[in-house]
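This briefing covers a strand and its partners, a charged residue, and a pocket. Please consult the sequence and the model while reading.

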Amino acid sequence: MSEHNIKLQQLMTSRFKLIIFMVICLLTVSSPLSALDKVSLQLRWSHQFQFAGYYMALHKGYYQAAKIDVSLIEGGANSQAPLESILQGDADFAVSSSAVVIYHMQKKPVVALAAIMQTSPVTWITLSERKLSTPHDLIGRNLPILPPPESAALMAIFNREGIQLSDINFQPTRATLKDLISGKVDAINGYISNEPYRLKNMGYEVTLIEPKDYGVNFYSDVLITRHSLARSNPKLVKRFKQASLKGWQYALQNIDESIRLIQQYYAPEKTYQELKYEAQTLKALIMPDLVELGHMNPGRWQTIAENYRALGMAKGQLDLNGFLFDEPSRFDNWVIHVGIISAALIIMLSVIASRFIYLSTSLRREIKRREFVEKRLISVNNELKAQSSTDPLTQIYNRRAFFEKAQTLLHFSERKGFKTSLFMLDIDHFKRINDRFGHQAGDQILIQFCVLIKNEVIRDHDVFARLGGEEFCILMLDCSLSGAEQFAQRLIEKLSTTQLKVEGKGYITISASIGISDTDYGLEQALKQADIALYQAKDAGRATYTIYDANQS
């Protein structure tokens, strides 16, 4: 701060002390402690680690610090559905599935606040001895299915694989582990955090057919409220959301403490080992080290809505207006209250008011001028940073940013024991597009190609970058080579059925060649191997993929 500003502050200090003292006294007298806002939270199921964040927010005093008195309503098979509890006013907040977007499309007054799980834990579970490992193996089999939309992610697998739902012998019932073991059903729907643990404890090896392995990636345990509450008291909703996410952050950082609390107060029948397994499994789905807690991507909600439409569970187009919670400004009422009192006191102290206003106005002008310059510098720095890491045409990562983000992702996967796969993609015969339609049309194709992959193919935590020209790279977390092969086949099929618009020229369909490698020997080696596999795919006729094989290189 300049010497002039320092002198102004010193001059103001002695005169301002009296005003500050009077403001504090007046506030102490006129602002009694406000009562806590009482709200209720409907859980999605019975007490378990799945709701640990809310337990910790309650017991660690985060809700109370936010001036909220929260009562928890346990869910279960015989309890009211969370979405219905919200709509009927029986609960103020609830934990729901991604099906909340269906209700919004039906003009129901629901609002999504935060998605706790970035990937759904729902899965098909079979006994390994029955050798049912893919969706095609389930054709003609007896499968229990929950009423829609709870079953949407599991049914969407068959749609993605081109299997008619009529080819599956669905049984509208809730099956038990005993039904699976006895052979009454061939697979059951469950959570990867619960039933596999219980089956392994009973001596059975299990096989999981997970939606995410087939391009179906729904949010789960979405925190919701009703539109009227979000509109009439957005500050309460914001405080509840922030306190809940703070509770989740504490629970995931202190798993053992959270388990002991759950055993003591909520689920004494569950063993430590059972809750520990559930906690570790759910943490991998929440991904707190990669994705901000509660993060929701509008583009991903659009994709989820498309899946519901494909299953006949939703109609019309998704308008996100009013669906995602819009947090209120931080300028709270108490600030206005202090301003009014301060103004009144300044008027009362008219002897020094004119001089004080003059000095304070001068100082504010100087501070605002400096703040404007600082904010402009920050904005310019942010723009330069974004430009240095973003491809200017496609708005995805460039080569430099890819290596930074990829190394971070690989270090994380090594700590967690995840498999990762690397994809090199090259748009086939791209030069023909430029020669036939012009370079501007080629740019349009590159942009649409990237939008397609970002919104409908990869997940939020995967790294997607343009290495140059029509060559791209994807690093996928928690993806084995078998999963990578399924991903590549889906991408090729998606391109073959997608028409891209060329302005003034009509529509065209493109294809891509894909080279795949694992990252067991580091990023640099993986890039070399994927590049070799890419050229093998081109030599094989393009519009196909090749997995790197050291024996064929």
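Two strands pair if DSSP finds at least two bridges between them; strands (E, at least two residues) and helices (H or I, at least four) are DSSP runs numbered from the N terminus. The model is predicted: local features need pLDDT of at least 70 and side-chain atom pairs pLDDT 80 or more, whereas totals for chains, interfaces and linings use all residues. Residues are numbered from 1 along each chain, and side-chain values use heavy atoms, without hydrogens and water.

**Strand β5 and its partners**
- Strand β5 (residues 122-127) runs antiparallel to β9 (residues 206-209), to which 4 bridges join it; Trp124 stands opposite Ile209 there.
- Another 4 bridges link β5 to the antiparallel strand β8 (residues 188-191), where Tyr191 is the bridge partner of Val122.
- Because 6 of the 6 residues of β5 are buried (under 20% relative accessible area, 1.4 Å probe, protein chains only), the strand is largely enclosed by the rest of the structure.
- Val122, Trp124 and Thr126 point one way, and Thr123, Ile125 and Leu127 the other way.

**Glu471**
- Glu471, in strand β13 (residues 471-477), is buried but has no salt bridge (a side-chain nitrogen of Lys or Arg within 4 Å of a carboxyl oxygen of Asp or Glu).

**Lining of the largest pocket**
- β8 supplies the largest share of this lining, 4 residues.
- α4 (82-87), β3 (93-96), β8 and α8 (195-201) each supply at least two lining residues.

Terms used:
Buried < 20%, exposed > 50% of the residue type's maximum accessible area, 1.4 Å probe, protein only. Lys, Arg positive; Asp, Glu negative; His and termini not counted.
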